[in-house]
Amino acid sequence: MRLNLRQNLAIALARWQVRRQPRPDPAELGTPRVGRILAVSCTAIGDALMSTPALRSLRLGYPQARIELLVHPAYAPLFRTNPDINGIRLYDNRWQGFWRTVRELRRQRYDLVAILHGNEPQATPLAALSGARWRFKLPNAFAHRDLLSNAEPVRTWDDFTHGIDQRLAVATLAGGAPTERAMTLIVDAETQEALDAALAGDFGIAPGTPLLAFQPGASTASRRWRPERYAELGRRLLAHDPALKIVVTGSPAELPLVDAVAQGIGDPARVIVTAGRLPLAQLPALLRRCRALVTPDTGIMHMAIAVGTPTVSLFAAAHWERSGPTVALHRHIVIQKWRTCDPCLGKRCPYAAPLCMDNIGVDEVYDACLRHLEAPAS
């Protein structure tokens, strides 16, 4: 990757910062001598949620430390109830706010920075310029890994089965304690009550109404299932259960896609569009009200898993073992198909309707939904 002048300057200043620091004592890791920790996970929703087991690992390893999370401003509301952190710092992962964030972090005098998930070339120079004497990140297969406390050995994404495992490996290097892979997302009573009031008052959904959610959008086209297939699935599910209502979720930017699904189902009294109409902080509470979520590989899938909502997740270009459910697998049905293009272009997929996702048929998704709907409520 070719770096521009601004990026090279940040790396050069970070190297100067690191070289003038005395070498820290490895014996202090995992002890009270590390009193202020910054965990970095400032990319997408799913990426940040997959960092929560590592936050728990750091908390177990440093029960008395002040642990703060650097997260994207849009997703900060999801982490305000996280029991493993003491505070939140904001960074939108853009160069425009890089130096302002450096100044703010330097004032906090962190002892250690654990980069659980962050884009390069910003994340590691940011950690070094914060002044922290310990800086950990994996994978570390990039040219400026000399800024890290774990510059060697070099590890790549292929060294980790799942994104959660990668983040837990970072926490372990930083002195974190062993913990399970379950994600943490706490829905407090106030948020749940606000969501229930909104469903009743704004959407006409009475308490106890059986709900099933569709999340048709994803961060890249290569992960999306056709809206007309969601529409066919919705029509069949509503015909199967006269009491059922379908909630179609999404961001405000996904509203055209969400509307296409809702209009294709064609039953406005029983299909509710929440995209752009509920704050992000209430979305976990909404998912908790649903019997299941049908979703591609996206942040809303991780949100549902984290709050215990059963899922039907649709995978093709990506593989579920790297980013799908990892715990309570009996509650999650994964439909995994094969890549049809070689090589797969991933995020640069040229197809508006990816060929590999077309290998997922409506029948198998419908059958998976019925398994969830007909299972005893828990």
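**Close-up views of a predicted model**

**View 1. Helix H6 and its surroundings.** Helix H6 is followed by glycine 175, whose phi is positive, near 100°. The model is predicted: local features need pLDDT of at least 70 and side-chain atom pairs count only at pLDDT 80 or more, while totals for chains, interfaces and linings use all residues. Residues are numbered from 1 along each chain as its sequence is written, and side-chain values use heavy atoms, with hydrogens and water left out. Helices (H or I, at least four residues) and strands (E, at least two) are DSSP runs, numbered from the N terminus. Of the 11 residues of H6, eight are buried, and the helix is mostly covered; buried means under 20% relative accessible area, exposed over 50% and partly exposed in between, with a 1.4 Å probe and protein chains only. Among the buried residues of H6 are Gln166, Arg167 and Leu168. Their cover includes helix H2 (45–49), H3, S4, S5 and helix H12 (320–323).

**View 2. Serine 57 in helix H3.** Helix H3 spans residues 52–61 and contains serine 57. This serine is buried, with a relative accessible area of 1%. Leaving aside residues up to four places away in sequence, serine 57 touches Leu168, Ala171, Gly176, Ala177 and Thr179, where contact means heavy atoms within 4.5 Å.

**View 3. The five-stranded sheet.** Five strands form an open sheet in the order S3-S2-S1-S4-S5, with parallel pairing; two strands pair if DSSP finds at least two bridges between them. Strand S3 (87–90) and strand S5 (134–137) stand at the edges with a single partner strand each, so one side of each is left without a neighbour in the sheet. From one strand to the next, the twist averages 20°. Helix H6 (residues 163–173) packs on the sheet, where H6 touches strand S4 (112–117) and S5, and its direction makes about 170° with that of S4. Axes are lines fitted to C-alpha atoms, for helices over the stretch in contact, and angles run from 0 to 180 degrees between N-to-C directions. Strand S1 (residues 36–41) runs parallel to strand S2 (residues 66–71), and five bridges join them. Alanine 39 has leucine 69 as its bridge partner in S2.

**View 4. The nonpolar cores.** The largest nonpolar core has 59 residues, and those with the most contacts inside it include Ile37, Phe79 and Leu287. Such a core is a set of buried Ala, Val, Leu, Ile, Met, Phe, Trp, Tyr and Cys residues joined through side-chain atoms within 4.5 Å. Helix H11 (residues 299–307) supplies the largest share of this core, seven residues. Apart from it lies another core, of 36 residues, among them Leu233 and Ala368.

**View 5. Helices H8 and H13.** Helix H8 (residues 227–240) packs against helix H13 (residues 362–373) at an angle of about 40°, with their axes 10 Å apart. H8 is therefore oblique to H13; angles under 35 degrees count as roughly parallel, over 145 as roughly antiparallel, 65 to 115 as roughly perpendicular and the rest as oblique. Residues of H8 including Leu233 and Leu237 meet residues of H13 including Tyr366 and Leu370.

**View 6. The six-stranded sheet.** A further open sheet has six strands in the order S8-S7-S6-S9-S10-S11, with parallel pairing. Strand S10 (residues 311–315) and S11 pair in the parallel sense over five bridges. Leucine 314 has isoleucine 335 as its bridge partner in S11.
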